[in-house]
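Dear colleague,

I am handing over the structure we spoke about, and below it you will find my notes on what turned up when I went through it. Please read them with the structure open beside you.

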Amino acid sequence: MLEPQILWPALLNGLTMGAIYALIALGLTLVYGVLHIINFAHGSLLMLGLYAVFFLFKFWKVDPYVALLALVPGMFALGYALQRLVIGRGSHGKDENILLVTLGLSIIIENLALHFFGSETRQIETAYSSAMVNIAGASLTVPRVAASAGALTCCAILWLIMARTDLGRAIRAIAKERQGARLVGIDVEHIFAMSFGIGLACLGAAACFLLPAFYVSPQVGHTFVLVAFTVVVLGGMGSFVGSLVGGFAVGVVESFGGLMLGESLGQIGVFVIFIAVLLFRPSGLFGHKV
Amino acid sequence: MSALLDVRDLRAGYGPVEVLRGVSLAVGAGEIVALLGSNGAGKSTLNNNVSGIFRPTAGSIHFDGEDITGTASAAIVERGLIHVPEGRRVFPNLNVRENLELGSYRRARARRSANLERVVATFPRLAERFAQKAGTLSGGEQQMLAIGRALMAEPRLLILDEPSLGLSPLLVEEMFNLIGRLNRDGLAILLVEQNVAQSLEIAGRAFVLENGAIAHQGAAADLVDDPGVKRAYLGI
């Protein structure tokens with residue numbers, strides 16, 4: 001069971017999935033880092049993105065990768081508007097209110113999806129859905145490999161934005177020093193909304209990368225949001241590098257867990273990590289003491 | 001006279017607590033005006049209302065002839081009214097260079113690199129610390145960074161709120177020299193200080209705030225000799 005020809009594909013599987021986890025977690029950690037809130041609607045919004053990709057494909061035959069062009073700006077705009085018009089206003093400046101607003105949003109979104117789209121699980125069938133590629137003896141599906149490459153590219157773009165642009169500097173600045181930010185002329189509410197928009201744009205991209213290799217149902221968000229929380233906790237809340245490392249670690253643990261314990265129990269390892277991190281290193285691998 | 005900054009009958013506070021009870025003061029172009037007063041007199045409240053962090057409840061603020069009462073801070077920065085707050089408020093998680101760059105986030109962005117060179121020439125110490133996180137700087141260095149960040153926006157009026165607070169006597173001396181130098185280059189400065197003697201030395205005019213209202217005002221040279229000011233602030 002522990003021969004290399006089994007472990008190697010499992011490792012690759014874990015790493016490819018980990019890249020997607022990292023991208024989803026980055027959206028979550030970015031919003032946390034700036035707004036100091038946990039976006040409970042993160043999973044439901046990913047689900048919304050997945051449905052968007054699904055229907056674009058079903059009705060207009062838009063290839064999921066082409067759908068990136070619509071999903072990334074679309075989700076960004078949705079995020080910007082949500083923060084500006086709903087979350088920011090509904091919270092009245094109180095963090096615990098934001099928490100409840102996002103939780104409420106997730107419940108509304110999920111039940112609307114259930115009402116309009118039904119509860120069945122849906123998939124799309126593309127020409128390349130079951131195409132395989134061989135990497136040093138391990139067979140992986142093409143969508144899997146494309147998804148991880150795409151996710152990593154998005155992470156890199158996000159890093160460039162955060163490190164090299166005024167927008168990124170402003171986002172990092174308001175994370176720690178809001179009044180100082182106002183005094184250099186940063187429109188704090190605008191940057192909040194930009195951060196939320198970027199967090200959702202990550203989800204839009206993740207949805208496009210995921211769907212060819214995955215499925216969508218109104219509850220699909222739960223699968224990812226729990227994993228994303230684990231990634232963020234493991235890596236350290238608000239840490240960029242932490243999300244990447246955490247994403248890969250969780251992907252690999254899940255993959256090996258599935259190998260040893262069977263597909264349905266694969267996630268046990270993930271939650272063991274989650275609890276262990278909370279017990280022994282609550283600030284995460286790359287987090288700062290809170 | 002048409003002053004650069006003209007504050008009239010300003011009333012402001014926090015919720016039901018009124019801190020400023022009708023404050024009027026003016027800063028002319030190229031002038032250093034000192035705003036003095038003890039803790040809790042309302043100096044910082046005044047600054048925060050002028051720079052748009054808070055909205056006043058009554059009265060008016062004009063900058064360069066334009067009404068900026070209740071305007072958002074971003075728009076005020078854009079006009080060139082730059083406030084270096086008490087406690088510096090630098091971005092601790094960003095390095096020194098990034099802090100300075102953000103100084104020109106709203107204003108003078110096109111001349112960022114030229115201004116960066118100018119600020120570094122004024123504060124050579126900051127250049128040595130360029131890659132260091134601002135949170136790891138000493139108090140004096142953070143104060144220089146906060147002023148440097150403000151200079152990046154090419155201010156027309158600089159509000160300096162307690163720039164000498166927490167600095168060693170040597171650095172305080174250096175700070176006042178710097179303020180004088182900036183002013184000689186034509187920059188108008190509203191200097192808020194508890195360091196009364198030195199402020200009156202450097203300023204042209206001064207206002208003394210007591211319990212949310214202006215208690216004394218006039219030429220700095222006259223205020224030094226004012227018995228009330230002497231007794232309350234100079235300890236003589």
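This is a predicted model: local features need pLDDT of at least 70, side-chain atom pairs count only at pLDDT 80 or more; totals for chains, interfaces and linings use all residues.

To find a place to start looking, take Val7(B), whose bridge partner in E4(B) is Ile61(B).

The sheets of chain B

That pair belongs to an open sheet of 4 strands in chain B, which has the order E2-E1-E4-E5 and antiparallel pairing. Strand E2 (17–27) and strand E5 (66–67) of chain B stand at its edges with a single partner strand each, so one side of each is left without a neighbour in the sheet. Helix H1 (residues 43–50) of chain B lies across E1, E2 and E4 of chain B, and its direction is at about 110 degrees to E1(B).

Chain B also has an open sheet of 6 strands, in the order E6-E7-E8-E3-E9-E10, and here the pairing is mixed. The edges are held by strand E6 (81–84) and strand E10 (213–219) of chain B, each of which has a single partner strand, so one side of each is left without a neighbour in the sheet. From one strand to the next, the twist averages 15 degrees. Within this sheet, E6(B) and strand E7 (residues 157–161) of chain B pair in the parallel sense over 4 bridges, and His83(B) stands opposite Ile159(B) in E7(B). H1(B) packs on this sheet too, where it touches strand E3 (32–36), E6, E7, strand E8 (188–193) and strand E9 (205–210) of chain B, and its direction makes about 150 degrees with that of E7(B).

Two loop residues of chain B deserve a look at their backbone angles. Asp64(B), which is found in the loop between E4 and E5 of chain B, has a positive phi of about 55 degrees although it is not a glycine. Asp64(B) is partly exposed, with 16 other C-beta atoms within 10 Å. Arg89(B), in the loop between E6 and helix H3 (96–103) of chain B, likewise is not a glycine and has a positive phi of about 55 degrees, but Arg89(B) is buried, with 21 other C-beta atoms within 10 Å.

The helices of chain A

Chain A has 11 helices and 2 strands, and from the N terminus on its elements run α-α-α-α-β-β-α-α-α-α-α-α-α. Its radius of gyration is 19 Å, close to the 19 Å that the globule rule gives for 290 residues, so chain A is as compact as a globular protein of that length. The C-alpha atoms of chain A fill a box of roughly 60 × 50 × 35 Å along the principal axes, and buried residues make up 50% of the 290 residues. Of the contacts in chain A between residues at least 6 apart in sequence, 76% join residues at least 24 apart.

Helix H5 (residues 142–164) of chain A has 23 residues and reaches 32 Å from its first C-alpha to its last, which is close to the 33 Å expected at 1.5 Å a residue. Its buried residues, among them Ala146(A), Ala147(A), Cys154(A) and Leu158(A), pack against helix H1 (4–35), strand E2 (138–141), helix H8 (188–210) and helix H10 (240–261) of chain A.

In helix H8 of chain A you will find Leu210(A), which is buried, with 27 other C-beta atoms within 10 Å. Leaving aside its neighbours within four places in sequence, Leu210(A) is in contact with Ile20(A), Leu50(A) and Ala147(A).

Where the two chains touch

The contact takes 16 residues from chain A and 22 residues from chain B. On the side of chain A, helix H6 (166–176) and helix H7 (178–183) each supply at least two residues, and H6(A) gives the most, with 7 residues. By class, that side of chain A has 6 nonpolar, 3 polar and 7 charged residues.

With best wishes

Technical notes. Residues are numbered from 1 along each chain as its sequence is written. Chains are lettered from A and ligands numbered from 1 in the order in which they are written. The radius of gyration is taken over C-alpha atoms; the globule rule is 2.2 Å times the number of residues to the power 0.38. A residue is buried if 20 or more other C-beta atoms lie within 10 Å of its own, exposed if 12 or fewer, and partly exposed in between; C-beta atoms are placed from the backbone. Two residues are in contact if their C-beta atoms, placed from the backbone, lie within 7 Å. Ala, Val, Leu, Ile, Met, Phe, Trp, Tyr, Cys and Pro count as nonpolar, Asp, Glu, Lys and Arg as charged, and the others, Gly among them, as polar. The expected span of a helix is 1.5 Å times one less than its number of residues. Two strands pair if DSSP finds at least two bridges between them. Axes are lines fitted to C-alpha atoms, for helices over the stretch in contact, and angles run from 0 to 180 degrees between N-to-C directions.
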